[in-house]
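Reader: I am new to this structure and would be grateful for a close look at one part of it, the salt bridges. Please set them out in a connected account, together with whatever surrounds them.

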Amino acid sequence: MGQRRKVGAVKAPSSQRDSADASGAHSRKHSICMVSDFFYPNMGGVESHIYQLSQCLIEKGHKVVIATHSYGRRTGIRYLTNGLKVYYLPLQVMYNQSTATTCFHSLPLLRCVFVREQITVVHAHSSFSAMAHDSLFHAKTMGLNTVFTDHSLFGFADVSSVLTNKLLTISLCDTNHIVCVSYTSKENTVLRAALNPEIVSVIPNAVDPTDFTPDPSQRQDDRITIVVISRLVYRKGIDLLGGIIPELCLKHPDLHFLIGGEGPKRLVLEEVREKYQLHDRVRLLGALEHKDVRGVLVQGHIFLNTSLTEAFCMAIVEGASCGLQVVSTRVGGIPEVLPEDLITLCEPTVRSLCDGLEKVIAKQRSASVPPPGSVHTRVRSLYTWRNVAERTEKVYDRVAGEEVLPLAKRFRRLKSHCGPVAGTIFAFVAILDFLFLLLLQWLVPDRAMDVAVDATGPGGLWRQKTGKRSETESKRATKQAAETKTQTQ
Amino acid sequence: MGADGAPSQSVPWRKVLWERQPFPDNYVDQRFLEELRRNEGIRQYRYWAVVKEAGFVGQQLSCVAVFITLWLYMEQGLLAPEVLLWTSLSCAMLGYGLHQALTSQAESGCETRTHLADLQSAALFLSFTFGFSPVLKTLTESVSTDTVYAMSAVMLLAHLVSFPYGKPSPPGSLSLNAALFASVCLASRLPGALHTFAMLTCALLVFALWPCLLQRLRENAPCQFTGVCVGVCVGGVGGLASQSLGGAVLFSLALVSVTLLCPLLLIWLQRHKDNIQGPWDEAEIHEDLSNFLH
């Protein structure tokens, strides 16, 4: 791992390159480090968000690297499509793919990444990721600008949320800018971390519309199929689904359910299926790979989402993009996601969801629903990764012009924002972090560290070699699973 | 991009993501947090109602005090075991009658337990305790007295802490076991086997049967319940006073703080309660979904 090469060797070719990205409207190019515990090979919303956003930012000429913790034997540096470099740092995983945090032990490794990659903006993702918070903490100590994206909603009522929200307050009080995925998520984050709402931007998630195209020929016309794709856990409202299935199946003999996903609540659905003898009408497909999702979606007429909480809900956009009629619970940020005529919102009760589904089934029978093609056309342009990248770029531009709080101001901010006790403790931790950084800088000065080979962004080597092809290929390449493209350095 | 500032006020901002709006991404509208609800469905406590509930805690404290007083009397030979035994039995009969009367008022017939079964278990318990009392008497002989006292104190404390004050009938297994453990420890330090037997019978009465009767009283006769609580508290303080004046003073101070000061603190802190709810909260499933399965 690592590229121990002379700085000069890197600089030499970059000086010769024809600057292809000079025409960009935004003259300022950033070196961004995305940090999160959650990245491929782990699968989920945060993972694909980081990957897609990075790809689009590379396309716009920025330099992007990703830092995450090691997954099993996957340690060291890997390259993904378009030279996107991923650092799999050997940090100990504690719980649910999140690393343990001591506030200090990750500083040497992260400093190494930030210095070698000449990072200007650190962008951390997900409030559940300890590594993200650690990196924000160290980046501020090192004087780098910081951005944080919150992907989830959190309550206020129990002890665990009180503690987590306090930690979030400490972590975000001196972060330059925060991004949330919906207005509800913004309200939630502003309240949780006691933030000024003006430093919180709302940039929704996106889906790749070319991945989710309708195909009505896959539907069976003698039946109505309801598709559910979600992890089978309590928070996704699978218990409600267990109540809906028998109720509707008894009323409509031609109704079928297609359920993709895995989880502890699978038992509930299996019990329901057993009790009401619905084996031929309720199919449980188990865990689906991302590439198989579209194949399942296009078989259905109606997409059902029963979540009890959701910051954005990409699933309903994917469903609508495949031309399905969407029925969903009215929770979290869901009402903001789709226009009223593309979604039927219900209260999170069996009664209300059944009523909503019945209404849509009746419409489906009378063929008064818009054809899948026209639904797709409307959804296609709503959420694109390019748009997300454009708006995120504006955040970086804004952040780059802001000052990183010097140590003394940072203490004052911590004390005034986080209360006398927690504020003092973390001001002390910040001092220790700073001293540790000084020690590291004395042991290995910044100037003695090699600058890494620049793969993407201004002066990127990747572009130079594949520059001609990359324009046409990049669009297709972003769609392919990152997995298949990994190479070991 | 700068901070807020709507380019044209003619287009109202909407809380939707699917529409491209002419506002910056960090725009904060007037309607920001308009769905925030504070302290919804919060319970407003009234002082005397809380005092009444806290009186129950004081009552349980006093029960322990009464038990310890009885033990002190027994240890010093001021109370003959026969007297305690007969008093306990007559109290038990009286309490049983009262319990029956209160039960038949409320829910007659739902329990199929007969008087014969009650009599059987009482006889079983009494005979076994009587048979084993010589064994229990010598049980802790090899343990030093200080250890026994310390252990009893810890166990009685555990009993008080783990007692299910919300719904004490029947007493929780941890609290009941801790109390009986403490009673066995204390009873084993008494001079004779009959003393031990009498003490254990009394312990069962105080820690197992009395909370059941009290619960019935609380449900069916709230006014008398308050009176009984006050009575037990006075009994506890009086009993301790006859043995140690300093102890009695400390104990009454504890009772006052538990029953009068703590509720005051609760009401005062209630003012600072700030419970926020909004659309980000996880929805709760209120329906009973088990009927789809069973």
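**Salt bridges and their surroundings**

In this predicted model, E35(B) and K15(B) join their side chains in a salt bridge, with N and O 3.0 Å apart. Both residues lie in the segment before β1 of chain B, so the pair ties together parts that are 20 residues apart in sequence. The phi of L33(B) is near 65°, a positive value in a residue that is not glycine. Most residues other than glycine have a negative phi.

Another pair in chain B is formed by E219(B) and R216(B), whose closest N and O atoms are 3.5 Å apart. The two residues are separated by about one helical turn, because they stand 3 residues apart in helix α6 (residues 193-220) of chain B. Here E219(B) is partly exposed, with a relative accessible area of 41%, while R216(B) is buried at 12%.

Helix α6 of chain B spans residues 193-220, and S133(B) is in contact with A193(B), T196(B) and F197(B), its neighbours within four places in sequence being left aside. S133(B) itself belongs to helix α3 (residues 115-138) of chain B. With 2% relative accessibility, S133(B) counts as buried. A polar atom of the S133(B) side chain lies 2.8 Å from the backbone oxygen of F130(B).

In chain A, a salt bridge joins the side chains of K63(A) and E117(A), at 3.1 Å from N to O. This pair links distant parts of the chain, 54 residues apart: K63(A) is in strand β2 (residues 63-69) of chain A, and E117(A) is in the loop between α3 and β7 of chain A. Both ends are shielded, as K63(A) is buried with a relative accessible area of 5% and E117(A) is buried with 1%.

Q118(A) is not a glycine, yet its phi is positive, at about 50°. In contrast to the buried E117(A), Q118(A) is partly exposed, with a relative accessible area of 42%. From the UniProt record, an unreviewed entry, comes the annotation "domain: PIGA GPI anchor biosynthesis" for residues 69-158 of chain A. Over residues 69-158 of chain A, the chain is 24% helix and 31% strand, with end C-alpha atoms 29 Å apart.

Salt bridges also occur between the chains. Over all chains the structure holds 32 salt bridges, and 3 salt bridges are counted between chain A and chain B. One of these is formed by R235(A) and E282(B), whose closest N and O atoms are 3.4 Å apart. Polar contact between chain A and chain B is counted for 14 residue pairs. On the side of chain A that touches chain B, the residues divide into 28 nonpolar, 12 polar and 14 charged. The greatest contribution to that side comes from α6(A), with 7 residues.

The contact involves 54 residues from chain A and 34 residues from chain B. About 3800 Å² is buried between chain A and chain B, and carbon and sulfur atoms give 60% of this area. Y183(A), E187(A) and L191(A) supply 17% of the area that chain A buries against chain B, more than any other three residues.

The UniProt record, again an unreviewed entry, places "domain: Glycosyl transferase family" at residues 215-364 of chain A. That span is 39% helix and 20% strand, and its end C-alpha atoms lie 17 Å apart. As for L278(A), it is in the loop between α8 and β13 (282-286) of chain A. L278(A) counts as buried, at 6% relative accessibility. Residues up to four places away in sequence not being counted, L278(A) touches I245(A), C249(A) and R273(A).

Definitions and conventions. Residues are numbered from 1 along each chain as its sequence is written. Chains are lettered from A and ligands numbered from 1 in the order in which they are written. This is a predicted model: local features need pLDDT of at least 70, side-chain atom pairs count only at pLDDT 80 or more; totals for chains, interfaces and linings use all residues. Side-chain values use heavy atoms; hydrogens and water are left out. Contact means heavy atoms within 4.5 Å. Buried area is the accessible area (1.4 Å probe) that two parts lose on being put together, summed over both. A salt bridge is a side-chain nitrogen of Lys or Arg within 4 Å of a carboxyl oxygen of Asp or Glu. A polar contact is a pair of N or O atoms within 3.5 Å; within protein, one must be able to donate a hydrogen and the other to accept it, and residues adjacent in sequence count only if both atoms are side-chain atoms. Helices (H or I, at least four residues) and strands (E, at least two) are DSSP runs, numbered from the N terminus. Ala, Val, Leu, Ile, Met, Phe, Trp, Tyr, Cys and Pro count as nonpolar, Asp, Glu, Lys and Arg as charged, and the others, Gly among them, as polar. Buried means under 20% relative accessible area, exposed over 50%, partly exposed in between (1.4 Å probe, protein chains only). UniProt positions are given in the numbering used here, feature names are shortened, and annotations may be inferred rather than shown by experiment.
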